[in-house]
Amino acid sequence: MKKLTKLDLTWLVLMVITLLNALVAETADPHILITAIVCLSIAYKGRLVIDDFMELLNANRTIRTLMRSYFYIIPVLIFVTDLFAEQLAAISTMS
Amino acid sequence: MTNTVTESTPRPFFINGAGAVASEPESIRKIPGNSAVWVGIFAELTEFAMFFVIYFFAKAHYPEQFEQGPTQLNTLAGTLNTAVLISSSYFVAKAMASIRDNRPQDCVRWLWGTLAAGALYLVIKGVEYQWNAQHGIHSDSNYFYTVYYYMTFNHLLHVGWASGSILWAIMRVKQGVYTVDNHSPLTAIASYWHMIDLAWIIIFPMLYVLR
């Protein structure tokens, strides 16, 4: 039997998370906890693609840091803007 | 010092557990591909980040539209496209492992798989847009759908022209230009393709999952 490589395992994990996301989309009601879980899944999926598929794990440090940061910052922004939606609307409304 | 050791004593090197190659892959401690492609990648990611910021503000101002919007979209199409793009990224990674292992024919096969995935993505997106139209969902229906079309159509364009670059890579490998010793342009194309997958990894939950 052919042994699974790290690439194969990464693909499997990404597919499972995608299916779980779809399940959430179809069944779960809006909740801040759901938002938090989805944001974590975005960060984790991004990290897997960046480190394993894109091969940045051992590549140039600046590029790796910038790419990883993108997948920390955007999920955090998704969560924070969901949590403070009213305040965001208030400060961005022209009187 | 490290380079001297590597050159004088070639040894099997495993990249991501994908297979042994004779020496260190070009991405180790270096910029994968070339600097120019990374300028492009960061420019594209900045563009997508601006879309995301627009989404944040629009969602804050029109919460009802952004709560109802995802429930009206075709989740199956979004999920299938996510699976297709993730698989395409996997195919590209396998193509890179193949060229490093001096298996150009395998590399070409994996790249054809990537191209097929790109084409399938475009077909699914086309079907989804048609399905939307049949259900009365248009870009001017409300702010959620404006953001949805703006974001997804822009992403679709990226998949389209990146598929062209994959086709170019297939030609160059078949011509013997990209080889085990010379494939940094293929690495650059692969990096760009992964960026498109990464953008969708954020877009999919924002538009189809979160409410």
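Which residues in α1(A) meet which residues in α4(B)? Point 2 has the lists; some housekeeping comes before them.

1. Ground rules. This is a predicted model, so to speak: local features need pLDDT of at least 70, side-chain atom pairs count only at pLDDT 80 or more, and totals for chains, interfaces and linings use all residues. Residues are numbered from 1 along each chain as its sequence is written, chains are lettered from A and ligands numbered from 1 in the order in which they are written, and side-chain values use heavy atoms, with hydrogens and water left out.

2. Between the chains, α1(A) and α4(B) cross at roughly 170°, their axes coming within 10 Å (axes are lines fitted to C-alpha atoms, for helices over the stretch in contact, and angles run from 0 to 180 degrees between N-to-C directions). That makes the two helices roughly antiparallel (the label for angles over 145 degrees). On the α1(A) side, the residues are Leu7(A), Asp8(A), Trp11(A), Leu14(A), Met15(A), Thr18(A), Leu19(A), Ala22(A), Ala25(A) and Glu26(A). They meet Thr75(B), Thr79(B), Thr82(B), Ala83(B), Ile86(B), Ser87(B), Tyr90(B), Ala93(B) and Lys94(B) in α4(B) (contact means heavy atoms within 4.5 Å). By class, that is 11 nonpolar, 5 polar and 3 charged residues.

3. Within chain A, α1(A), residues 6–27, packs on α2(A) at about 160° with the axes 11 Å apart, and the pair is therefore roughly antiparallel. The crossing is left-handed (the near helix is turned anticlockwise from the far one by less than a right angle). Among the contact residues are Trp11(A), Leu14(A) and Ile17(A) of α1(A), and Val38(A), Tyr44(A) and Leu48(A) of α2(A). The contact divides into 12 nonpolar, 4 polar and 3 charged residues.

4. Within chain B, α4(B), residues 75–100, and α7(B), residues 184–209, pack at about 160° with axes 10 Å apart. They are therefore roughly antiparallel, and their crossing is left-handed. The contact has 13 nonpolar, 9 polar and 1 charged residues.

5. Also have a look at the second largest pocket, about 230 Å³ in volume (a pocket is an open set of points on a 1 Å grid where a 1.4 Å probe fits, with protein on both sides within 12 Å along at least five of seven lines; lining residues have an atom within 4 Å of a point). It has 13 lining residues, with Asp82(A), Ala85(A), Lys59(B), Pro63(B) and Arg211(B) nearest its centre. The lining comprises 5 nonpolar, 3 polar and 5 charged residues.

Note on methods:
Points joined across faces, edges and corners; volume = space filled by probe spheres on them. Nonpolar A, V, L, I, M, F, W, Y, C, P; charged D, E, K, R; others polar. Helix = DSSP H or I, 4+ residues; strand = E, 2+ residues; numbered from the N terminus. Parallel < 35°, antiparallel > 145°, perpendicular 65-115°, else oblique.
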